[in-house]
Amino acid sequence: MPRVIAPIVRSTRYEHAIHTLVAKRAEFSGAIRFKGANLADQLQHIDAVLLILGYKGDPALITPFTAEAKPVSEGRALQADLEV
């Protein structure tokens, strides 16, 4: 008897998961590009899940994320001085 494959139904209920995976892919991609981290296998898994969940577009085109140091506000610096 031949195996019947059920069609994959795309829905909007995965939008939250897709958004989170896009953010994680951007973070990993940035770590690879700017810090030389070895996360290429993780990127392949994230790309596969994005496509399964119905992500429209090429995951390789997601812009790498780089965390930049935020300047400390004057009030926060004063609070830190008082805690010491």
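Which helix holds R25? R25 is found in helix α1. The structure is a predicted model. Its mean pLDDT is 75, and 64% of the residues reach 70 or more.

**Confidence**
- Confidence is highest in α2, at a mean of 89.
- Confidence is lowest in helix α3, residues 74-83, at a mean of 56.
- Where pLDDT is low, the predicted coordinates should not be read in detail.

**The nonpolar core**
- Nine residues form the largest nonpolar core: I18, L21, A26, F28, L43, I46, L50, L53 and I62.
- Two elements each give two or more residues to this core: α1 (15-35) and α2 (40-52).
- Helix α1 supplies the largest share, four residues.
- In soluble globular proteins, nonpolar side chains tend to be buried together.
- Leaving out residues up to four places away in sequence, I46 touches L21, K24, R25 and F28.

**R25**
- R25 counts as buried because its relative accessibility is 7%, under the 20% cut-off.
- Beyond its neighbours within four places in sequence, R25 contacts L43, I46, D47, P59, A60 and I62.

**I32**
- I32 also lies in helix α1.
- Its relative accessibility is 27%, so I32 counts as partly exposed.
- Not counting residues up to four places away in sequence, I32 touches A37, L39, A40 and L43.
- I32 and P64 are 32 residues apart along the chain, and their C-alpha atoms are separated by 8.9 Å.

Terms used. Residues are numbered from 1 along each chain as its sequence is written. This is a predicted model: local features need pLDDT of at least 70, side-chain atom pairs count only at pLDDT 80 or more; totals for chains, interfaces and linings use all residues. Side-chain values use heavy atoms; hydrogens and water are left out. A nonpolar core is a set of buried Ala, Val, Leu, Ile, Met, Phe, Trp, Tyr and Cys residues joined through side-chain atoms within 4.5 Å. Buried means under 20% relative accessible area, exposed over 50%, partly exposed in between (1.4 Å probe, protein chains only). Contact means heavy atoms within 4.5 Å. pLDDT is the predictor's confidence in each residue, from 0 to 100.
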